[in-house]
Protein chains: 4
Amino acid sequence: MIVVMKPGCTPADVQHVVELVRQLGLKDHVIVGTDRTVVAAIGDKRGIDKGAIENAPMVDRIVPILAPYKVASKEVKQEPSVIRVGAAGATIGGPKIGVIAGPCSVETEEQILTTARRVRAAGAIGLRGGAFKPRTSPYDFQGLGEQGLKMLARARDETGLAIVTEVMAVDMVDLVASYADVLQIGARNMHNFELLKVVGQCRKPVLLKRGMAATLEEFLLAAEYIMSAGNPNVILCERGIRTSETYVRNTLPLAVVPAVKRESHLPIIVDPSHGTGHAYMVPAMCRAAIAAGADGLIVEVHPDPEHALTDGAQSITCETFAQTMNEVRAVAHAVGRTA
Amino acid sequence: MIVVMKPGCTPADVQHVVELVRQLGLKDHVIVGTDRTVVAAIGDKRGIDKGAIENAPMVDRIVPILAPYKVASKEVKQEPSVIRVGAAGATIGGPKIGVIAGPCSVETEEQILTTARRVRAAGAIGLRGGAFKPRTSPYDFQGLGEQGLKMLARARDETGLAIVTEVMAVDMVDLVASYADVLQIGARNMHNFELLKVVGQCRKPVLLKRGMAATLEEFLLAAEYIMSAGNPNVILCERGIRTSETYVRNTLPLAVVPAVKRESHLPIIVDPSHGTGHAYMVPAMCRAAIAAGADGLIVEVHPDPEHALTDGAQSITCETFAQTMNEVRAVAHAVGRTA
Amino acid sequence: MIVVMKPGCTPADVQHVVELVRQLGLKDHVIVGTDRTVVAAIGDKRGIDKGAIENAPMVDRIVPILAPYKVASKEVKQEPSVIRVGAAGATIGGPKIGVIAGPCSVETEEQILTTARRVRAAGAIGLRGGAFKPRTSPYDFQGLGEQGLKMLARARDETGLAIVTEVMAVDMVDLVASYADVLQIGARNMHNFELLKVVGQCRKPVLLKRGMAATLEEFLLAAEYIMSAGNPNVILCERGIRTSETYVRNTLPLAVVPAVKRESHLPIIVDPSHGTGHAYMVPAMCRAAIAAGADGLIVEVHPDPEHALTDGAQSITCETFAQTMNEVRAVAHAVGRTA
Amino acid sequence: MIVVMKPGCTPADVQHVVELVRQLGLKDHVIVGTDRTVVAAIGDKRGIDKGAIENAPMVDRIVPILAPYKVASKEVKQEPSVIRVGAAGATIGGPKIGVIAGPCSVETEEQILTTARRVRAAGAIGLRGGAFKPRTSPYDFQGLGEQGLKMLARARDETGLAIVTEVMAVDMVDLVASYADVLQIGARNMHNFELLKVVGQCRKPVLLKRGMAATLEEFLLAAEYIMSAGNPNVILCERGIRTSETYVRNTLPLAVVPAVKRESHLPIIVDPSHGTGHAYMVPAMCRAAIAAGADGLIVEVHPDPEHALTDGAQSITCETFAQTMNEVRAVAHAVGRTA
């Protein structure tokens with residue numbers, strides 16, 4: 001941490017900061033510059049509130065130097081983590097791109113089985129589908145609950161696809177984990193720390209979506225919650241952020257892919273459905289995500305988007321998905337991967 | 001809802017949309033304009049996914065007309081809701097400004113009692129203090145838990161202040177509600193719908209903070225979750241949003257105050273501590289919030305911010321708080337209210 | 001500047017950075033921390049591209065320490081600047097609040113004279129009105145040009161109000177300056193550096209609006225362009241920024257007021273009309289801006305907003321303005337100022 | 001345009017809106033819904049301020065239906081525009097990807113010639129390089145001026161590359177156009193309408209960068225300014241927007257590529273250098289842009305980024321550029337294009 005003093009600070013002001021630094025168990029190092037004095041605080045103390053020093057007289061600001069995450073970082077593990085997804089041996093994080101596809105919500109057995117067969121045939125390794133839905137309005141369809149989980153399990157039995165489904169609350173983790181192959185933490189729950197701790201006690205892989213205003217640091221700290229609770233199998237997922245743009249529902253910032261690859265050993269996949277909000281943009285952003293180096297995709301696919309109960313506007317048809325998979329495969333090969 | 005067709009759509013395209021509209025149980029009304037055709041869909045169907053129609057051929061976009069919230073809206077209740085806070089008869093939402101103050105975290109009994117006495121003397125009606133803390137990093141101080149709640153209760157016994165403290169998970173609601181006068185839902189949990197439903201089954205007032213990227217509509221829908229579950233006592237709280245600004249931790253958008261007053265009967269208070277992230281800005285933004293028409297404030301106050309375990313950078317001292325309360329009172333009178 | 005090295009850097013990597021620092025004419029200072037090594041670069045070199053060092057091997061990032069502006073900063077001038085506005089002795093930046101009001105565009109002589117009389121009577125010191133309009137669409141009304149400037153001059157002759165009007169291009173500065181008392185640089189031109197240099201060669205005060213995505217640093221650097229060209233009479237104006245909010249046209253971040261007061265000696269006023277985009281929010285945000293410590297306001301007022309040629313949605317009537325001025329005066333007194 | 005009335009409006013309120021609509025020369029059409037009444041205003045009147053109606057009593061809001069741009073839109077021209085760039089027959093907008101590369105600033109003849117030869121050999125069709133630089137700080141290097149333009153011309157003579165360089169002010173257009181093959185309008189000038197009109201009177205192609213907070217609509221309206229002044233040769237360029245993200249200098253929203261392709265016939269290229277701000281991200285985002293369907297790239301390349309006078313942090317070396325071009329070519333082939 002670097003404490004930047006205001007211009008005009010006195011030696012007593014600097015000494016006061018030095019003492020605060022020592023009280024935190026850190027070593028101090030004062031540098032008197034031409035215009036500004038700074039106090040470097042040396043030592044690895046991730047768990048203390050260094051910001052408090054900002055309140056000391058004549059302190060201008062605090063600049064943290066150490067990233068606050070550890071087990072998610074490349075500092076502790078250089079080689080990429082490869083996460084096993086489902087019983088069929090599929091993985092995410094290796095040279096092969098892993099694509100998860102399926103409807104926003106499980107609606108009927110026929111809907112989910114049809115979709116499963118079609119996305120399997122097109123090359124997906126996982127089936128997504130919500131049984132418990134986080135809905136912005138209390139009046140919206142909230143999902144089929146356990147009945148939906150059972151339908152997903154039937155689709156897995158038939159197709160071998162790994163089941164990826166969202167868990168929204170601590171008391172549902174056991175139930176959802178008894179059906180799912182991958183536990184999804186939605187963007188709205190990325191900061192639900194209690195939930196992160198509980199899925200951290202599972203062994204099932206966790207698909208962790210970035211919050212819609214989360215910084216990269218907060219995203220990796222959410223992974224750190226899960227990992228430090230004992231579960232190393234975290235798949236990061238970028239799903240778009242809130243910005244001033246209006247032609248999309250969310251802005252999909254693909255530069256997060258090289259940024260994550262630089263900071264962390266965890267795999268990262270991209271959700272172009274939520275990441276744009278419009279079906280017509282999804283194929284282009286699937287291709288772009290893979291070209292940027294993403295380890296996979298999660299895509300909303302519905303056999304009849306015009307009649308979908310949820311997220312119809314951003315769901316592509318099974319035909320469009322098959323076509324998109326062909327394009328994704330070509331791009332994957334172009335960047336030295338397979339799909 | 002208005003369905004805007006693309007230029008060049010055929011009568012068959014329009015007819016297809018008309019049929020989709022009818023399938024939703026809505027009445028259709030086609031308007032052929034000079035350049036564009038639109039299909040108005042008439043009827044009050046809040047719980048269906050109208051966006052799916054965006055997927056139909058030659059549809060350009062969907063424009064919703066009805067606000068999706070109801071019990072939180074002025075359409076069902078014109079007069080402002082006044083929420084009783086604590087046993088001492090204090091209220092938020094009436095002509096008198098209600099100010100809640102206290103440390104980010106409960107740290108020690110002495111810390112919380114000292115703060116309680118000082119903020120009470122300065123005119124606060126409530127004492128804030130976190131016992132369970134939502135922390136971005138798993139390595140940060142996570143709060144004293146129930147021990148902290150007990151300290152808060154002792155401070156209430158001594159000062160009569162209403163206790164406002166955060167509840168982070170469904171399985172903690174009963175415990176927290178047994179000590180608190182007001183249940184706080186933090187910004188990171190505004191979209192934790194399971195938690196909203198459970199506090200909606202309490203009778204205790206709920207202080208609902210706006211999520212850091214939530215739209216006004218989503219904010220009111222979160223209130224709607226609580227209210228539609230049976231608890232009408234919701235106090236909205238603006239705490240700043242994530243933007244491109246870097247001289248603040250969050251941008252505090254005070255225009256939300258007149259916007260909420262136009263849309264809803266619920267009271268709204270402002271949190272200038274999280275809303276800026278810097279102690280030196282807090283007094284100015286307390287005054288501004290009241291001038292904008294806010295019904296109250298929630299302010300982080302610490303007897304020794306330089307040594308605070310959490311949020312030191314944005315906590316003001318007890319002295320600064322007392323001075324700020326004098327200023328707030330003057331502004332309140334200037335806008336025809338008391339404090 | 002602080003250069004933060006990546007973990008695992010070698011002494012040769014650090015030495016390479018040290019040499020780059022010395023090539024910039026700066027003094028180096030290496031600090032080896034527990035986890036990270038940093039190189040502090042000491043010296044005041046505002047005009048060089050320090051970011052280039054980010055490209056050196058094993059450099060993680062660069063942290064600037066010095067603010068890049070100088071004459072706009074409090075480091076060179078502690079006491080607030082008071083800017084004289086017009087011939088009648090009015091000022092902005094002193095204890096008295098200065099309010100500028102008038103229509104978005106000058107439309108007719110009657111419109112501008114009526115507005116001038118009404119806002120003068122209500123207590124305004126300046127009359128705003130666009131003669132050359134920056135319009136997002138080439139098909140929109142582009143202003144009356146010099147004819148509009150002449151109408152403004154007539155309104156000044158009659159009322160004594162200072163004339164504030166926008167100059168959009170280098171080759172119009174002489175013309176506009178021959179009529180105006182204050183040259184307005186619009187938000188869209190805050191980064192038009194050629195224009196900033198030219199108005200910097202005038203003696204007329206400049207009202208500089210913040211760009212809609214400009215950082216505080218960029219805002220002050222735009223002022224620095226004008227001031228370093230020789231014109232110290234800069235009035236800063238916050239007019240709202242682009243964010244993810246949708247219930248406003250722009251988000252008005254009032255914390256910029258205390259931030260500017262901390263960093264700069266220049267006065268700052270607030271534009272709640274563009275800052276919100278909706279007439280119904282303007283009175284509340286006028287009060288809030290003054291409560292936050294702003295030195296004045298610039299408000300769009302039109303005698304008949306329903307028929308305004310431009311910005312009708314955010315223009316208040318003359319009646320609402322008079323009422324708002326009463327409220328603003330009360331708030332100004334509450335915070336120890338006059339209006 | 002659709003005027004949405006507030007709940008509780010009277011027939012007189014609706015009639016008042018109907019009259020305002022008629023005064024604008026539009027046809028009215030009232031729809032009384034279950035909860036809300038709306039007034040549709042029919043007719044193509046792009047140049048009037050419809051927002052003013054928002055001020056009428058009991059009006060809730062205005063929803064525009066027509067896009068305000070015309071000659072830039074697909075409504076008037078379906079087939080993609082292909083823009084000829086330079087004398088050598090290169091184009092942007094056809095099946096072949098067009099890549100423009102070069103340093104941020106022209107620094108020396110050797111620097112620009114070396115770069116030109118290297119990027120030409122790697123497959124670029126254009127050479128970028130700033131002679132007049134828009135710099136955020138008045139103390140930063142402002143470019144070599146006409147001397148820089150001459151160096152660019154020499155590089156063209158030797159390599160045949162088309163010269164792309166920025167023009168920042170109206171009175172420089174003739175000078176810059178006498179050397180350049182493509183006139184670049186920088187992001188900070190996207191809203192400099194006077195400049196747009198003047199380059200609209202040139203015949204040279206214009207590379208128009210999106211403003212850092214501009215909406216898609218504003219971006220296309222800026223193109224409309226140029227085109228409606230007579231110059232149809234506009235190449236759009238996405239260069240990143242300001243958001244809450246901090247690990248990048250700008251967020252690069254690649255979904256703008258399919259969005260532009262849907263709305264406009266103009267070609268769009270991507271600038272991953274400004275679009276991220278960090279050299280290490282540039283190759284990934286070059287690949288992603290092409291995969292998303294962009295018609296080309298503009299990339300900052302410097303023979304020695306560690307010593308670049310400007311934008312060193314985001315400039316890649318000539319070696320990295322050559323490698324990136326190989327990757328881009330592979331991706332281009334994968335999506336059915338050449339490079």
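Student: Which residue forms a salt bridge with Glu218(B)?
Tutor: Glu218(B) forms one with Arg242(A), and the closest N and O atoms of the two are 2.5 Å apart. A salt bridge here is a side-chain nitrogen of Lys or Arg within 4 Å of a carboxyl oxygen of Asp or Glu. This is a predicted model, in which local features need pLDDT of at least 70, side-chain atom pairs count only at pLDDT 80 or more, and totals for chains, interfaces and linings use all residues. Residues are numbered from 1 along each chain as its sequence is written, chains are lettered from A and ligands numbered from 1 in the order in which they are written, and side-chain values use heavy atoms, with hydrogens and water left out.

Student: How many salt bridges does the rule find across the interface of chain B and chain A?
Tutor: The rule finds two salt bridges there, and across that interface it also finds 24 residue pairs in polar contact, with both residues at pLDDT 80 or more. A polar contact is a pair of N or O atoms within 3.5 Å; within protein, one must be able to donate a hydrogen and the other to accept it, and residues adjacent in sequence count only if both atoms are side-chain atoms.

Student: And which elements give two or more residues to the side of chain B that touches chain A?
Tutor: Those are helix 1 (11–23), helix 5 (193–199) and helix 6 (216–228) of chain B, and helix 6 of chain B gives the largest share, five residues. Helices (H or I, at least four residues) and strands (E, at least two) are DSSP runs, numbered from the N terminus.

Student: What about aromatic pairs, how many are there over all chains?
Tutor: A search of the whole structure finds four. Rings of Phe, Tyr and Trp (its six-membered ring) pair if their centres lie within 6.5 Å, and planes under 30 degrees apart count as stacked, over 60 as edge-to-face and the rest as tilted. One of the pairs is Phe193(A) with Tyr225(A), which is stacked at 4.8 Å centre to centre, with 25° between the planes. Phe193(A) is in helix 5 and Tyr225(A) in helix 6 of chain A, 32 residues apart.

Student: Are those two buried or exposed?
Tutor: Phe193(A) and Tyr225(A) are both buried, where buried means under 20% relative accessible area, exposed over 50%, and partly exposed in between (1.4 Å probe, protein chains only).

Student: Why is the pair of Phe193(D) and Tyr225(D) stacked?
Tutor: The ring centres of Phe193(D) and Tyr225(D) are 4.8 Å apart and their planes are at 25°, so the pair is stacked.

Student: New topic: where does Asp271(C) lie?
Tutor: Asp271(C) lies in the loop between strand 13 and helix 8 (282–291) of chain C, and Asp271(C) is buried, with a relative accessible area of 0%. The side chain of Asp271(C) makes a polar contact with the side chain of His274(C), at 2.7 Å.

Student: And where is Asp311(A)?
Tutor: Asp311(A) is in the loop between strand 14 (296–300) and helix 9 (318–334) of chain A, and Asp311(A) is buried, with a relative accessible area of 17%.
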